[in-house]
Amino acid sequence: MSTPARYWREIPQRYRYEGNKCKETGEIFFPPRLVNPSTKSSNFEKVNLETEGKIITYTVIHVAPAHFRDLVPYAVAIVELNDGVRITSMIADCDPDDLKAGTKVRIEFRKIYEVGDAGIICYGYKCVPT
Amino acid sequence: MKNNGKVGIVGHGSYIPRNRITIEEIAKVWGADPKSMEKGLMLREKSVPGPDEDVITMSVEAARNAIKRCGINPKDIGAIYIGSESHPYAVKPSGTVVAEAINATPEIHCADFEFACKAGSEGMYVCLEQVRSGSIKYGLAIGADTSQGCPSDALEYSASAGAAAFILGGEKVVAEVLETYAYMTDTPDFWRREHQFYPSHAGRFTGEPAFFKHVNACAKGLLKKSGTKPEDYAFAVFHQPNGKFPQRAGLSLGFTKEQMDTGWLAPTLGNTYSGASPMGLTAILDIAKPGDLIFMVSYGSGAGSDGFVFKITDHIVETQKKTVQTRAMLDGNKKYLSYGEYAKYRGKIKR
């Protein structure tokens, strides 16, 4: 469960899909890293991820955590965006039976979950088939 | 510095959820005659937000489409106003989330507006004057709702979901605002009290003394103020709480069905409340040609109307196909829900 402070810290990634790119190797990290693990460099620039890509693989959730109980069955996929970055994302607006590896998707801004009836509402990204 | 040049819309965008429910599906649950409901309201189906969609998510998508169209730097947006009667939080502005998501923070003025179904056009009105005064370069006005109707009530057949976003500015204007007019009285035709889940309304009182009085008075005032006649316009769009009201109002004012057809989305969209006439305007901007005049009158219960006269400029052509168009979203990629799925998605089932 997200606290307001943790949710707030992750806003650049969850709302705007901000990663960082190593200026020496060109690798893009999402979420952003402070140090490139292969070169130990900390010379980065901010980048926004591409918002279109394709499903690499996925699983279908039938028994979900409490926050997502009303969404079952739903798919969670590894999606490769057009810049090569791979993200883990729920796939919305689809029948999971219609999905397959290679299905083209795009990122949309969605409600992820609500913290109870009185807590904050957490927003972020999901992918939808195009 | 005061802006003395053309001021108006520089980019527009919209968002419609994919889910739909037919009037027939709702009517059969409540023992109503589907054909009678469809004919009486001139509605066939309506949009339904998914369980992960609300005013904030739809506003973000509509705003991103508007930015794609005009290509401005979001940091140049000096004000964001979201009009809705279904803001997700009772206290905490929707605009803060939307502005953050489009990367328009932190030097931006933000407020959430509420005036039943005309909260979206209020935002347009205020942004327009701020741009005209020179206090901001661009303003973002959004009308969005995930409106609720009490089960079996007439509103349940129409209350739907959608968002329309407009960036107003003074550079590369695609729809110049030539005139505005506002008309408002205290008329208790529709309301929702604090902590109430569903709105209440005054039945037939919502018609003549409310919708028709204000829409007609605003339209006549706008025609007089602008020195124009209905036949001068290529398009006209009115608030559309159902399919019938805007047609009746428009025809009585002297507009034709052909002028209203493009912006008349209600038959398959339903009533998107704060998004209603603004979404009709986005459908018009998707296909309008340079030189076209557009007549728009919104309506919000309580009650009042905002009127706008737009003139399309040459810049419209380069923006129209830069992202998805409203009619394509309305007609394509639909998923039809059963009443049970609809009730679950809209939180109508108690655990």
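Buried area is the accessible area (1.4 Å probe) that two parts lose on being put together, summed over both. The model is predicted; local features need pLDDT of at least 70, side-chain atom pairs count only at pLDDT 80 or more, and totals for chains, interfaces and linings use all residues. Residues are numbered from 1 along each chain as written, chains are lettered from A and ligands numbered from 1 in the order of writing, and side-chain values use heavy atoms, without hydrogens and water.

**View 1. The interface of chain A and chain B buries about 1,800 Å².**
Carbon and sulfur atoms give 47% of this area. Arg16(A), Phe109(A) and Tyr123(A) supply 30% of what chain A buries against chain B, more than any other three residues. In contact terms (heavy atoms within 4.5 Å), 20 residues of chain A meet 19 residues of chain B.

**View 2. Salt bridges and polar contacts link chain A and chain B.**
A salt bridge is a side-chain nitrogen of Lys or Arg within 4 Å of a carboxyl oxygen of Asp or Glu. The rule finds seven across this interface. One pairs Arg110(A) with Asp52(B), with the closest N and O atoms 3.0 Å apart. Polar contacts are pairs of N or O atoms within 3.5 Å; within protein, one atom must be able to donate a hydrogen and the other to accept it, and residues adjacent in sequence count only if both atoms are side-chain atoms. Between chain A and chain B, 16 residue pairs are in polar contact, both residues at pLDDT 80 or more. On the side of chain A that touches chain B, α2 (11–16), β7 (104–114) and β8 (121–129) of chain A each supply at least two residues. The largest share, five residues, comes from β7(A). By class, this side of chain A has 10 nonpolar, one polar and nine charged residues. Here Ala, Val, Leu, Ile, Met, Phe, Trp, Tyr, Cys and Pro count as nonpolar, Asp, Glu, Lys and Arg as charged, and the others, Gly among them, as polar.

**View 3. Chain A carries two helices and eight strands.**
Helices (H or I, at least four residues) and strands (E, at least two) are DSSP runs, numbered from the N terminus. The order in chain A is α-α-β-β-β-β-β-β-β-β. Its C-alpha atoms fill a box of roughly 45 × 40 × 20 Å along the principal axes. Of the 130 residues in chain A, 42% are buried. Buried means under 20% relative accessible area, exposed over 50%, and partly exposed in between (1.4 Å probe, protein chains only).

**View 4. Asp70(A) sits in the loop between β4 (52–61) and β5 (74–81) of chain A.**
Asp70(A) is partly exposed, with a relative accessible area of 37%. Beyond its neighbours within four places in sequence, Asp70(A) contacts Lys344(B) and Arg351(B). Lys104(A) lies 34 residues away along the chain, and the two C-alpha atoms are 25 Å apart.

**View 5. Domain 1 and domain 2 of chain B bury about 4,600 Å² between them.**
Carbon and sulfur atoms give 61% of that area. Domain bounds come from an automatic or database domain assignment, which gives domain 1 (8–174 + 320–345) and domain 2 (177–317). The contact takes 59 residues from domain 1 of chain B and 56 residues from domain 2 of chain B. The C-alpha centres of the two domains lie 15 Å apart. Two salt bridges cross this interface. Asp306(B) and Lys118(B) meet in a salt bridge at 3.2 Å, N to O. α5(B) gives the most to the side of domain 1 that touches domain 2, with nine residues. That side has 25 nonpolar, 20 polar and 14 charged residues.

**View 6. Thr146(B) lies in strand β6 of chain B.**
Thr146(B) is buried, with a relative accessible area of 10%. Leaving aside neighbours within four places in sequence, its contacts include Pro49(B), Asp54(B), Ser160(B) and Arg346(B).

**View 7. Helix α7 (residues 244–253) of chain B has several buried residues, among them Phe245(B), Ala249(B) and Leu253(B).**
The cover over the buried residues of α7(B) includes α6 (207–226), β11 (235–238) and α8 (257–261) of chain B. Just after α7(B), Gly254(B) takes a positive phi of about 105°.
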